[in-house]
Structure formats: structure tokens, C-alpha cells
Amino acid sequence: MQNTDLPNEGNKFQVRKLEITDKSKGFIELLQQLSVCDSVSDRQFEERFQELSSYGDDHIVCVIEDDHSGKIIATGSMFIEKKFLRNCGKVGHIEDVVVDAVHEECN
């Protein structure tokens with residue numbers, strides 16, 4: 001996945017894969033807007049990040065970062081399920097999609 005810049009009324013947003021530094025950019029707080037998400041230590045975050053990274057493109061967590069504030073304002077994850085059905089096909093599942101409430105009304 002390549003980084004993509006999205007212009008919006010003078011703001012610039014970057015769509016990209018989750019990075020290890022995104023915890024300090026409000027990633028966990030953003031997830032707390034979606035569901036119960038207790039505090040996650042730096043160690044826990046790094047361990048889970050490394051685990052998900054080991055799956056390669058079969059499990060991707062994407063984020064949108066506001067270049068002006070440096071905060072993560074949206075996220076979603078996608079994982080690929082390999083099946084026996086449909087000639088050993090694959091199915092993508094999209095999960096945990098959330099947009100920061102402050103940015104939901106942006107046009």
C-alpha cells in the first residue's frame with residue numbers, strides 16, 4: 001500500500017499503513033471512540049504491532065493522519081481469509097472502522 005495524500009480545504013491527510021509510532025499520535029484513543037479499549041502499554045502495542053506485521057498483506061491496519069495536527073483521525077483494518085470454497089478463493093473482511101468524531105462532519 002502506498003501513502004496517499006488527500007487534500008481537504010487546506011488540510012492534508014495521509015492514508016497509510018499503521019506505524020509503530022502511531023500509538024503516540026492518538027491511535028488507541030481513536031479506537032476508544034469505537035469500542036471498549038483499555039489502556040495499552042507501549043510494550044503491548046509493540047508486541048501486537050509486530051504480530052500483525054508478521055502477517056504481511058493478509059492483515060493490514062490503515063490509518064489516516066492529519067498532517068496539520070499529526071494525529072490519527074481515522075482507521076480501519078482488513079484481513080484476508082483463505083477459503084476452500086470458490087476454488088480455494090480468498091475473502092477480505094473489513095473491521096474496526098472509526099473516524100474521529102471531530103472530523104466526521106468534514107466535507
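Biologist: What share of the contacts between residues at least 6 apart in sequence join residues at least 24 apart?
Modeller: In this predicted model, 46% of those contacts join residues at least 24 apart.

Biologist: And how many helices and strands are there?
Modeller: The chain has three helices and five strands. Along the sequence, they follow the pattern β-β-α-α-β-β-α-β.

Biologist: How much of the chain is buried?
Modeller: Of its 107 residues, 29% count as buried.

Biologist: Which residues touch the most other members of the largest nonpolar core?
Modeller: They are Leu18, Phe27, Ile28 and Leu31, in a core of 13 residues. At least two core residues come from each of α1 (27–31), α2 (42–53) and β3 (59–66). The largest share, four residues, is that of α1.

Biologist: What is isoleucine 28 in contact with, leaving aside neighbours within four places in sequence?
Modeller: Isoleucine 28 is then in contact with Lys23, Cys37, Asp38, Val40 and Phe45.

Biologist: Turning to pockets, what is the volume of the largest one?
Modeller: Its volume is about 370 Å³. Of the 17 lining residues, Phe27, Ile28, Leu31, Arg48 and Leu52 are the closest to the centre.

Biologist: Which element gives the most to that lining of the largest pocket?
Modeller: That is α2, with five residues. By class, the lining of the largest pocket comprises ten nonpolar, five polar and two charged residues.

Biologist: And the second largest pocket, how much space lies in it?
Modeller: It holds about 160 Å³. Twelve residues line this second pocket, with Cys62, Gly76, Ser77, Met78 and Ile94 closest to its centre. Its lining has nine nonpolar, three polar and no charged residues, and β4 gives the most, with five residues.

Conventions:
Residues numbered from 1 in each chain as written. Predicted model: local features only at pLDDT ≥ 70, side-chain atom pairs only at ≥ 80, totals over all residues. Heavy atoms only, no water. Core = buried A, V, L, I, M, F, W, Y, C linked by side-chain atoms within 4.5 Å. Buried < 20%, exposed > 50% of the residue type's maximum accessible area, 1.4 Å probe, protein only. Contact = heavy atoms within 4.5 Å. 1 Å grid on protein atoms, 1.4 Å probe; cavity = no way out; pocket = protein on both sides within 12 Å on 5 of 7 lines; lining within 4 Å. Points joined across faces, edges and corners; volume = space filled by probe spheres on them. Nonpolar A, V, L, I, M, F, W, Y, C, P; charged D, E, K, R; others polar.
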